[in-house]
Amino acid sequence: MNIESTLRADRIWRNVIRGAGLFLLIITAAIGIFLLYRGTGTFTIYGHSLSEFLFSTQWQPADTLAGGGHVGAGIYIVGSLITCALALLMATPVSIALAIYMAEITPSVGRRFWQPVIEIFVGIPSIIYGWLGLTILVPFLQKYTTADSGFSVLAASIVLAIMIFPTITSVTMNAINSVPKTYRQGAYGLGATRWEVIYKIVLPVAKHGILAGVVLGLARAFGEALAVAMVIGKMKAFPKSLLDPTVNLTSAIAADMGGTMEGSEYNMALWTMALFLFVISLLFILLIRYITSKGGNLSESK
Amino acid sequence: MKASKAIPGPRRRALSTDRLVTLGLHILAGATLLLLVGFVGHIAWSALSEFKPELLAFSPTGIGNQFFNTIYLVFLALLISIPLGIGAGIYMAEYATKGKAQKIMRISIETLSSLPSIVLGLFGYLVFIIMTNSQWNLFAGALTVSILTLPLIATITEDALRALPASYAKGSYGLGATKWQTISRVLIPAAFPAIITGIILAAGRVFGEAAALMFTAGMSTDINWASTDITSPTNAFNPFRSGETLSLQIWASRSESLDPNASAMANLSALVLLALVFTFSIGARALSRHLNRKNLGDNK
């Protein structure tokens with residue numbers, strides 16, 4: 001091969017690679033733009049207000065181009081918030097405890113045995129968690145509690161908690177593992193017990209990483225659609241107790257999108273929900289970036 | 001035992017707290033393992049206790065077609081996202097100027113990988129189905145899922161390239177190689193084990209994807225295995241036919257399906273999905289160990 005063709009190949013490939021990079025940007029931009037364009041239709045075309053969408057609980061969008069219905073997604077938003085908050089409440093302590101166990105109590109078994117176990121949990125498709133929830137949890141709740149059907153906020157929260165705990169565990173474990181060894185040695189040298197070292201040294205140092213893991217878990221829970229839709233009961237009402245069914249954003253999109261008329265008020269309102277989910281997931285990214293940037297000193301001082 | 005009595009109170013409390021917490025953590029870890037064993041056991045038991053050979057058939061009475069669709073869809077998705085993802089990864093690691101370009105790329109990748117898959121499914125539905133005026137089809141599903149795998153593969157490639165010793169590239173440049181020669185003949189081959197492992201992991205993760213597919217690949221499947229005409233809407237390899245995957249089959253059988261075998265089929269689908277995911281995750285681990293050992297051997 002002569003030099004000229006080698007250099008030409010170099011130039012051509014540089015552009016090809018740049019193209020691939022650019023393509024990724026274009027896809028991201030396209031998703032953002034399409035969501036923004038479709039999602040704002042509720043406000044621009046059908047003239048609803050943002051506060052109606054966010055706070056009103058009257059959800060009766062018309063499946064016509066004329067519009068004139070109501071697009072209050074309050075119940076759906078509250079459903080998403082409650083289930084995610086409960087899931088987080090259940091999953092976070094367990095995840096952090098497990099991560100401590102794997103990283104600090106049994107470090108060598110932790111790496112060789114527990115890490116693959118957690119990876120398997122992460123890898124189980126969410127639809128299977130939903131199916132397990134539907135076939136085990138829902139009948140269980142119906143039989144042993146006062147729940148009417150078993151489809152409930154509690155069932156959805158438990159399914160979500162089981163789905164996100166491996167995510168939080170593995171991020172927390174990484175955060176704990178990246179705490180410099182010298183910190184622990186210093187504390188042990190002063191006569192601290194293992195639990196004192198964990199509680200007073202390791203966890204405070206790793207807290208930014210742990211928090212990032214929790215937000216990541218929350219983001220996963222917020223965006224999960226089908227696993228929740230299988231067990232939440234899809235009842236368009238505020239739940240009065242944990243055992244009542246309700247509905248959330250993702251399950252509404254999953255259930256109703258296929259049946260709406262393209263471009264109708266109903267259709268657009270569902271797109272607005274999708275846009276809302278997109279915005280929330282962007283906020284979570286920013287939050288994680290902010291948290292990890294605050295904890296950034298740690299990795300530099302290693 | 002005199003020595004232990006001599007331990008002052010606070011210290012003794014600290015020691016017993018330590019033991020108590022350790023015990024508690026052991027129990028929690030055991031419970032977690034039990035949960036996993038319970039899940040897998042339950043799925044395997046429900047699938048096998050209702051098992052009938054016809055459930056495996058490549059016809060509407062079995063999950064064979066869904067199994068084929070799942071594999072074919074992931075294959076198509078990887079066909080699209082591997083070249084683009086590796087390209088984007090190379091760009092991030094080798095071409096993008098430090099600072100702005102990298103920052104924008106990173107934000108873009110993070111955005112894509114945190115996108116709720118139902119939102120991605122809507123995007124795919126709008127762009128690949130409605131705007132192209134087509135019916136649900138596997139190709140649209142593959143395009144949508146490839147958006148999920150794209151950021152994964154790009155990140156993996158970037159990390160793999162960055163993990164290489166700087167001396168690799170320097171040695172190559174020192175011999176007069178161009179940038180592309182260095183990348184294609186030195187860096188990519190050296191990073192290959194990590195990249196291929198990452199791709200297998202990415203594949204394992206999309207087998208179970210459902211929300212992104214329900215409005216794109218479709219919820220029905222009709223394959224005529226005798227067909228040899230790839231343009232026929234019932235030909236197995238025609239990417240422009242609708243193709244329900246295993247995960248969508250589970251979703252559909254929750255209530256909509258009137259087939260008395262629906263629950264048995266869903267259990268079996270769940271078991272097959274689990275088996276696929278496990279195989280890929282364990283396979284990726286084994287392969288990466290094997291390739292790493294081989295690489296280390298070559299360096300000696």
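**A helix pair in chain A, and its setting**

Modeller: Start with helix α4 (residues 74-105) of chain A and helix α5 (residues 107-123) of chain A. Their axes come within 6 Å and cross at roughly 125 degrees. Keep in mind that this is a predicted model.

Two packed helices are described by the angle between their axes and the distance between the axes. Here the angle sets the label. Angles of 65 to 115 degrees count as roughly perpendicular, those over 145 as roughly antiparallel, and a value between these ranges is oblique. α4(A) and α5(A) are therefore oblique to each other.

Which residues make the contact? From α4(A) come M102(A), A103(A) and E104(A). From α5(A) come P107(A), G110(A), W114(A) and Q115(A). By class, the α4(A)–α5(A) contact holds 4 nonpolar, 2 polar and 1 charged residues.

Now the chain around this pair. Chain A has 14 helices and 2 strands. Its C-alpha atoms fill a box of roughly 75 × 70 × 35 Å along the principal axes. Chain A has 302 residues, and 48% of them count as buried. Take the contacts in chain A with a separation of 6 or more: 72% of them join residues 24 or more positions apart.

One backbone detail in chain A deserves a check. Most residues other than glycine have a negative phi. K234(A) has a positive phi, near 45 degrees, and is not a glycine. K234(A) sits in the loop between α11 (226-231) and α12 (249-256) of chain A.

Next, the partner chain. 61 residues of chain A are in contact with 66 residues of chain B. On the chain B side, the elements that give two or more residues include α2 (9-49), α3 (64-95), α8 (179-206) and α10 (262-299). α2(B) gives the most, with 14 residues. By class, this side of chain B has 46 nonpolar, 15 polar and 5 charged residues.

Chain B is assigned two domains: domain 1 (2-49) and domain 2 (55-299). Their centres, taken over C-alpha atoms, are 38 Å apart. The contact between them takes 5 residues from domain 1 of chain B and 5 residues from domain 2 of chain B. The domain 1 side of that contact divides into 4 nonpolar, 1 polar and no charged residues.

P193(B) lies in helix α8 of chain B. With 19 other C-beta atoms within 10 Å, P193(B) is partly exposed. P193(B) and K294(B) are 101 residues apart along the chain, and their C-alpha atoms are separated by 9.7 Å.

N133(B) has a positive phi of about 60 degrees, although N133(B) is not a glycine. N133(B) is found in the loop between α5 and α6 of chain B. It counts as exposed, with 6 C-beta neighbours inside 10 Å.

Last, confidence. The mean pLDDT of chain B is 87. In chain B, 95% of the residues reach 70 or more. For the model, ipTM is 0.89 and pTM is 0.90.

Definitions and conventions:
Residues numbered from 1 in each chain as written. Chains lettered and ligands numbered in written order. Predicted model: local features only at pLDDT ≥ 70, side-chain atom pairs only at ≥ 80, totals over all residues. Contact = placed C-beta atoms within 7 Å. Helix = DSSP H or I, 4+ residues; strand = E, 2+ residues; numbered from the N terminus. Nonpolar A, V, L, I, M, F, W, Y, C, P; charged D, E, K, R; others polar. Axes fitted to C-alpha atoms, helices over the stretch in contact; angles between N-to-C directions. Parallel < 35°, antiparallel > 145°, perpendicular 65-115°, else oblique. Buried ≥ 20, exposed ≤ 12 C-beta atoms within 10 Å, placed from the backbone. Domains from an automatic or database assignment. pLDDT = per-residue confidence, 0-100.
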